[in-house]
Amino acid sequence: MEEAKVPVHENTIFVVSGPDLYKQANEFSLTALWDDHNVISLKMAKRREVLAKKRANEELIKAAYVEKDDLDYFRPFRHYDRNGLSVYLASGRGNKLSIPVKHYIQNLLKLNMEGPYGSEWEAQEKVKRREMVAPEARYIFVHEVANTNAKKTKMMLTAENTSNGFLENGGPLVGFVQYRFIIEEEIPVLYVYELQLEPRVQGKELGKFLMQLLELIAHKNCMGAVMLTVQKANILAMNFYISKLRYVISTVSPSRINPGIGIAKSYEILCKTFNDEAKTILEAVLVNDNREMILTFSRIGDELEETARLTWLIFFRFL
Ligand SMILES: CC(C)(COP(=O)(O)OP(=O)(O)OC[C@H]1O[C@@H](n2cnc3c(N)ncnc32)[C@H](O)[C@@H]1OP(=O)(O)O)[C@@H](O)C(=O)NCCC(=O)NCCS
């Protein structure tokens, strides 16, 4: 389709496609189908809308980071005592990690992830070391409680004056979660950077418990979704997220953006969405379907143009 202005032919048929019409019009140069005045007003209205949305999203992210301890709102979740496992949770931040905790994180990552990453591990390890200490990195640390002290610890943790000093000097770490609040495709999301449990505490539903907690934290901070990246080779984790927790492969995952290229990538991006907008953008096939449809019709249009001199047949559909 030409970029230049094309006069609207009286035989042109518009069947408009839902709320994203303006976006699609811009993406596919269909602005040519409006006269000058309308094109300009459409663009200005769209720009205002985009700016307002961007500001609102930035405010949400800022507000999410104001919270000092995300676990404060979820005190009953601070303790997990099931399946022969007794642990308690403590919050942390990337720029406040002690040296032993940094070593712990690096060692557990290597233990759990060197296999799934294979030859990519060396490069990934460096990336993960940088991500680990980023000021915006939020942590939930999982500490083990010796069985005999479980009850006592639970009492201390639910007390109003629970101190972080106690938590840091408490039982040994058995895992951690690292996450951030970010904007993905104009949707504010909680992105899980890491969920790592030591092998001896895996398979006891602690991972599910932690993911549910993250979903609550995301909800509480008005995020539209929880997102994460999984190595395709990490079959157990993939199964955990998709079969057990009902996460889906996101539209932003390489395999969905372009299956041809995506197949060569070693990872998938998964998501669970909490509202219609996030669902449409991060989960649904709708956008790509429409894109394909518009391109198909624009090709038909080009052919018609050649044979019938600018008699375009462009279908959109109202949703
Ligand atoms: C993936 C992980 C976070 C899941 O947490 P978990 O507490 O072991 O999982 P849960 O007990 O809540 O759920 C078990 C399910 O997860 C899957 N799973 C993943 N790893 C598992 C493991 N090592 N042992 C048992 N089940 C495992 C299974 O599909 C299982 O399904 P089932 O209950 O139908 O048998 C945890 O196993 C882990 O830390 N693994 C290593 C690091 C990793 O791969 N992290 C994810 C990176 S994206």
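Predicted model: local features only at pLDDT ≥ 70, side-chain atom pairs only at ≥ 80, totals over all residues.

Me: OK, and how many helices and strands does the chain have?

Reply: There are 12 helices and 8 strands in the chain.

Me: What percentage of the residues count as buried?

Reply: The chain has 319 residues, and 42% of them count as buried.

Me: And the surface, how much of that belongs to carbon and sulfur atoms?

Reply: Carbon and sulfur atoms hold 56% of the accessible surface, which comes to about 17600 Å² for the chain.

Me: On to the ligand. Which residues come nearest?

Reply: Q202, G203, E205, G207 and K244 do, out of 19 residues around the ligand.

Me: Which polar backbone atoms does a ligand oxygen sit by?

Reply: Two to look at here. One is in G203, with a polar backbone atom 2.7 Å from an oxygen atom of the ligand. The other is in L197, where the distance from a ligand oxygen to a polar backbone atom is 2.9 Å.

Me: What about K244, how far is its side chain from a ligand oxygen?

Reply: An N or O atom in the K244 side chain is 2.8 Å from an oxygen atom of the ligand. As for cover, the ligand has 850 Å² of accessible area on its own, and the protein covers 77% of that.

Me: Which elements supply at least two residues of the shell?

Reply: Three do: strand β5 (187-197), plus helices α7 (206-220) and α8 (235-244). The most comes from α8, which gives 6 residues to the shell around the ligand.

Me: How do the shell residues divide into nonpolar, polar and charged?

Reply: You get 7 nonpolar, 8 polar and 4 charged residues around the ligand.

Me: Switching topic. How many salt bridges does the structure hold?

Reply: It holds 18 salt bridges. One of them pairs K62 with E59, whose closest N and O atoms are 3.7 Å apart.

Me: Where are K62 and E59 in the helix?

Reply: Both are in α2 (residues 36-66), and because they are 3 residues apart there, about one helical turn separates them.

Me: And is K62 buried or exposed?

Reply: K62 has 53% relative accessibility, so it counts as exposed. E59 has 47%, so it counts as partly exposed. The cut-off for exposed is over 50% relative accessible area.

Me: Now R200. Which residue does R200 form a salt bridge with?

Reply: R200 pairs with E198, and their closest N and O atoms are 3.2 Å apart. R200 is partly exposed at 46% relative accessibility, whereas E198 is buried, with a relative accessible area of 15%.

Note on methods. Residues numbered from 1 in each chain as written. Heavy atoms only, no water. Helix = DSSP H or I, 4+ residues; strand = E, 2+ residues; numbered from the N terminus. Buried < 20%, exposed > 50% of the residue type's maximum accessible area, 1.4 Å probe, protein only. Areas by Shrake-Rupley, 256 points an atom, 1.4 Å probe, with all protein chains shown as cover. Near = heavy atom within 4 Å. Polar contact = N/O pair within 3.5 Å; in protein donor to acceptor, adjacent residues only side chain to side chain. Nonpolar A, V, L, I, M, F, W, Y, C, P; charged D, E, K, R; others polar. Salt bridge = Lys/Arg side-chain N within 4 Å of Asp/Glu carboxyl O.
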